[in-house]
Amino acid sequence: MASYDKAFESYKKALTTAASVAASMMLVRSVVNEVVPPEVRELLFSGFGYLRSRASSDHTIIVEKKNDGFANNYVYSAVKTYLATRMNTDIQQRLRVSSMDENDKMMVSMDDGDEMLDVYEGTEFKWCLVCKDNSNDSMNSSQNESQFFQLTFDKKHKDKALKSYLPFILATAKAIKAQERTLMIHMTEYGNWSPIDLHHPSTFDTLAMDHKLKQSIIDDLNRFMKRKDYYNKIGKAWKRGYLLYGPPGTGKSSLIAAMANHLRFDIYDLELTAVMSNSDLRRLLVSMGNRSILVIEDIDCTIELKQREEGEGHDESNSTEQNKGEGKVTLSGLLNFVDGLWSTSGEERIIVFTTNYKERLDPALLRPGRMDMHIHMGYCTPESFRILANNYHSIEYHDTYPEIEKLIMEVTVTPAEVAEVLMRNDDADVVLHDLVDFLKSKMKDANEIKTEHKEANKQLDEEKDDKDNEKN
């Protein structure tokens, strides 16, 4: 009983002391507010805050949703995108799900008050999403709520956070958004670019072409993307030219779409017949965006490009017309953008020319530095046939494969023709037997044409011999 009384007295004394200290603090605060000028009070309180922050080992960075309460903060958007990829949905108790529309990808993000730990190069960074109600704050009457991310870390890592971690987040978010954004294809309309969404499904995985050639194209594109500093160092525009040539139906357009999907580049499809002059051409090409692919299909027949040397020796009226930038687009006008002074008007550019007849092109278009890589799109091979069969019917092998591959080696058939047969029926067994019949029919037709040509040539030779005998 005595020990109980002793403990009670000790507790009572502690309460009395605490009450006395609290009363003293309130008295001091009241005296300070009444006696000490506001400027001095602010200095004192800031000093206390400084001492408190010095005693703490944590440092905090605030990333607000709006800049100055109005403009969107790009860093906030980047942090939100980045953290969405780092979240562990099994650990987070509350998740916020959002989407722009029914076709947009669903984004899972943090909810108000949630915390998340991220580790970057061995350093821990703690994120917290804070939503603040400003409805009673007259200074923020334009907004009822403000949102910001609060980043907390050990203060010794301040330089790392500002100079390495946050820039890493910005770069990562940029790459994520570039990968997820909807690609556009731009077409010429009334002298300007007209964009629409590009949803072409072609990828390098589904592309029916030789594996080594396909891999060489992928490697070349990846190397190009990493060489910005290299191009600046050697004094060249950051661009790459590709010439795709081969018979119709061999997959040139599919390859261009696969390149766009691989790089996440927009496509600018230039119809030269719709361009009236070199000045119009220059205006269109300069207005292209970066990270884009310029495509000029069937360049050998879409327009009759004048040779550069044709300007010499023409009469005065023709030269005057050319000086005014009127008339047809010239080869010089096109080359000036491909590798002339105007080629530096943008970055990360891919230029693709396609043709069915490479031999018809002016050599000036083909030299290195303009068309850096020449890619032959040939007829269907056994390897490309297997890719098509797997694409259309998800099969790796069938009993008809040996016969089909033998026929493909003997018959000139395009991937487009093979694909058309494979699409005729959902039953793989049926369409593969149909393909055998189709290839046999093509071989029969080819043999008949050869026989006809052979007989025609034989008849011509006989007629020639008869004429020679008559002369003798």
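**Entry 1**

I looked up E405 and found it buried, at a relative accessible area of 16%. The cut-off for buried is under 20%, so E405 falls inside that class. The model I am reading is a predicted one. The side chain of E405 meets that of R386 in a salt bridge, 2.5 Å from N to O. I placed R386 in helix α12 (residues 382–393) and E405 in helix α13 (residues 401–410). The two residues are 19 apart, and the pair links distant parts of the chain. R386 has 33% relative accessibility and counts as partly exposed.

I then read the loop between α12 and α13, where S394 is found. S394 has a positive phi of about 55° and is not a glycine. Most residues other than glycine have a negative phi. I noted S394 as exposed, at 61% relative accessibility.

**Entry 1. Other salt bridges**

How many salt bridges does a search of the whole structure find? I have 14 in my notes.

I looked at R181 and D266, whose side chains meet in a salt bridge of 3.2 Å, N to O. R181 is in the loop between α4 and β9 (184–189), while D266 is in strand β12 (residues 266–269), so the pair ties together parts 85 residues apart in sequence. D266 counts as buried at 12% relative accessibility, and R181 as partly exposed at 28%.

I also looked at K160 and E121, which form a salt bridge at 4.0 Å, N to O. K160 sits in helix α4 (residues 158–180), and E121 in the loop between β6 (115–120) and β7 (123–133). They are 39 residues apart, and I logged this pair as a link between distant parts of the chain. E121 is exposed, with 59% relative accessibility.

Which residues are linked in a network of salt bridges? I listed D220, R223, R240 and D372.

I checked burial along strand β14 (residues 349–355) and found 7 of its 7 residues buried. On one side I read R349, I351, F353 and T355, and on the other I350, V352 and T354, so that both faces are covered.

I then went through the pairings. β14 pairs with β11 in the parallel sense over 7 bridges. In that pairing I noted T355 of β14 opposite Y245. Strand β13 (residues 292–296) runs parallel to β14 and is joined to it by 5 bridges. S292 stands opposite R349 of β14.

**Entry 2. β15**

I moved on to strand β15 (residues 373–376). Parallel to it runs strand β11 (residues 239–245), with 4 bridges joining the two. The bridge partner of Y242 in β15 is M373.

In a regular strand the side chains alternate between the two faces of the sheet.

I looked up the pairing of β9 with strand β10 (residues 192–197): the two run antiparallel and are joined by 6 bridges. H186 stands opposite P195 in β10. The hairpin of β9 and β10 has 2 residues between the strands, and I found Y190 there with a positive phi near 55°.

R264 is another residue other than glycine with a positive phi, near 60°. I placed R264 in the loop between α7 (252–263) and β12. Is R264 buried or exposed? I have R264 as buried, at 13% relative accessibility.

I found M116 in strand β6 and buried, with a relative accessible area of 5%. M116 and W127 are 11 residues apart along the chain, and their C-alpha atoms are separated by 5.1 Å.

D399, D426, D427 and D429 form a negative surface patch. I followed up D429, which is in helix α15 (residues 428–471). D429 is partly exposed, at a relative accessible area of 39%. Membership of a patch needs over 30% relative accessible area, so D429 passes that cut-off.

Notes:
Residues numbered from 1 in each chain as written. Predicted model: local features only at pLDDT ≥ 70, side-chain atom pairs only at ≥ 80, totals over all residues. Heavy atoms only, no water. Patch = residues over 30% accessible without salt bridge, like charges linked within 9 Å, V, L, I, M, F, W, Y side chains within 5 Å. Areas by Shrake-Rupley, 256 points an atom, 1.4 Å probe, with all protein chains shown as cover. Lys, Arg positive; Asp, Glu negative; His and termini not counted. Charge placed at Lys NZ, Arg CZ, Asp CG, Glu CD. Buried < 20%, exposed > 50% of the residue type's maximum accessible area, 1.4 Å probe, protein only. Pairing = 2+ DSSP bridges.
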